[in-house]
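Please read it beside the sequence and the model.

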Amino acid sequence: MKKRNLFKFAMLFALFTAFLTFTSCSSDDNTKEKDEIIDPKPDPDPTPNPDPKETNFFKHKTLVEDYTSVGCPACPYAAFILDELQTTSIKDKIITVTVHDDYGSTKDPYRLKNINDYVKLMKPKFLPSIYWVRDSKAWALQNNFIDGEDTSNGPRYFINQDAVLGAIEKLNIIKEKSNIGIKIESQLTKTAGEVKVSLQFTNDINEELKYVVYLIEDDLKYKQANSTPLYGNNTGKGRWENNFMHQHVLRAANNFAGIKVAANETIKAKEFKTTVALENYTLDNLEKTSVVVVILDKNGKALNAQIAKANTTQDYEIVK
């Protein structure tokens, strides 16, 4: 990555000090957690991959979930990094979902009524928490993930791509191919609709899987607490960003833990099909809404994901 000019020493010191204080907002005021990079051993695929010379695979996309809140002053840090990832080489290989909850006395307008199901499932202890492929442990936010330089108009910030992509590489979750193909069709209004999910398999998996259906919406303008030096906050203090653009906001979910697909349905000879009804949600703009389908293994790890604009068809993406 092209090396850029660093801060002046004073700006570096201020940013590092700020990072120590805003890296996480505890979701339990009496709980403090020390962040650390999670470097798990990769789980094996449900079954060994067949010979790629003889078999077509499906495109793999990695799920990343950001547990956040409009009232959390540290949360813009995670939002900034995930937005900046859209400028990197993995932008087409990840699907981001921001899961909102209340924080302190601040009520979050994007909080789902069944959010407690997600909290029980993932057990977050601080805000923000970034989960890759539904790993039960949060991905740490490190002070070297953000870089910057002095300009005449104040400091300009950007992610350190080497540091961020290096941390993601350690997780071994960005892949080119998957055994599981996902097709999405939807018919949605601003308050209700249905999603048709179809699955195909490169080879016989013969193990129970689960599927999750999300509706996410982009470009939602609402206030955001911000104690970071990002998004133009060069005051050195916390403040409200009154016109903050919230991206990838979860607006509806069928079941956070996933609906089961029987083992005898996960074989090459079959195409699994189901229809998911969604209701009692509220969207601002259908044109900014997308459907996300996530396939989990029996232990809840995300094996593959797919995204499609609302009221469109996303066919299987084949990779030879």
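1. Helix 2 contributes the most to the lining of the largest cavity, namely 5 residues. Helices (H or I, at least four residues) and strands (E, at least two) are DSSP runs numbered from the N terminus. The model is predicted: local features need pLDDT of at least 70, side-chain atom pairs count only at pLDDT 80 or more, and totals for chains, interfaces and linings use all residues. Residues are numbered from 1 along each chain as its sequence is written, and side-chain values use heavy atoms, with hydrogens and water left out.

2. The largest cavity holds about 140 Å³ of space. A cavity is a set of points, on a 1 Å grid over the protein atoms alone, where a 1.4 Å probe fits but cannot get out; lining residues have an atom within 4 Å of a point. Its lining comprises 17 residues, with D66, A79, T98, F244 and H246 nearest the centre. Two or more lining residues come from each of strand 3 (62-68), helix 2, strand 4 (94-100) and strand 14. By class, the lining of the largest cavity has 8 nonpolar, 7 polar and 2 charged residues. Ala, Val, Leu, Ile, Met, Phe, Trp, Tyr, Cys and Pro count as nonpolar, Asp, Glu, Lys and Arg as charged, and the others, Gly among them, as polar.

3. Why is helix 2 (residues 75-84) described as largely enclosed by the rest of the structure? The reason is that 8 of its 10 residues are buried. Buried means under 20% relative accessible area, exposed over 50%, and partly exposed in between (1.4 Å probe, protein chains only). The buried residues of helix 2 are C75, P76, Y77, A78, A79, F80, I81 and L82.

4. The structure has 2 cavities of 30 Å³ or more.

5. Y231 and F244 form an edge-to-face pair, at 4.8 Å centre to centre and 65 degrees between the planes. Y231 is partly exposed at 30% relative accessible area, whereas F244 is buried at 8%.

Terms used: Phe/Tyr/Trp six-rings, centres within 6.5 Å; stacked < 30°, edge-to-face > 60°. 1 Å grid on protein atoms, 1.4 Å probe; cavity = no way out; pocket = protein on both sides within 12 Å on 5 of 7 lines; lining within 4 Å. Points joined across faces, edges and corners; volume = space filled by probe spheres on them.
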